[in-house]
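Please look over the sequence and the model shown here before reading the report.

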Amino acid sequence: MATWVIGDVQGAIDPLLRLMSAISFEPARDRVVLAGDLVNRGPDSAEVLRWAADQGPAVTGVLGNHDVHLLACAGDPTRLRSKDTLAPVLDAPDRDRLIDWL
């Protein structure tokens, strides 16, 4: 069993999946801690959260400032800034599941 700590995914699913492949991540055997800033900046924040949630207990997260900002925007959409790339999460049909996982 390996434990990997990965930071600053920043809403980029493709590099995350390439990294998981490179380390031969196996959810039944390994653990990943996503250490802050899972979302924002990149285009795939919803996909990053879906992937993390789909891994069950193999993946856990630590909130970073971008993640906290997403939670704040979920509670008050007026906090969303023009440069944020969080709308796909906030508008997702599975929004509640993604926010709850985070």
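The report below takes up the basis of the model, the strand pairing, and the helix packing.

## Basis of the model

This is a predicted model in which local features need pLDDT of at least 70 and side-chain atom pairs count only at pLDDT 80 or more, whereas totals for chains, interfaces and linings use all residues. Residues are numbered from 1 along each chain as its sequence is written, and side-chain values use heavy atoms, with hydrogens and water left out.

## Strands and crossover

Helices (H or I, at least four residues) and strands (E, at least two) are DSSP runs, numbered from the N terminus. Strand β1 (residues 3-6) pairs with strand β2 (residues 31-35) in the parallel sense over 4 bridges, where pairing requires that DSSP finds at least two bridges between two strands. The chain passes from β1 through helix α1 (residues 13-22) to β2 in a right-handed β-α-β crossover, a term meaning that, with the strands pointing away from the viewer, the path from the first strand over the helix to the second runs clockwise.

In α1 the buried residues (under 20% relative accessible area, with exposed being over 50% and partly exposed in between, for a 1.4 Å probe and protein chains only) are I13, L16 and M20. Seen down the axis of α1, these buried residues fall within an arc of 65 degrees, so they line one face of the helix; the arc is that of the directions from the helix axis to the C-beta atoms. The face of α1 turned away from the buried side carries the exposed residues R18, S21 and A22.

The buried residues of α1 pack against β1, β2 and α2, contact meaning heavy atoms within 4.5 Å.
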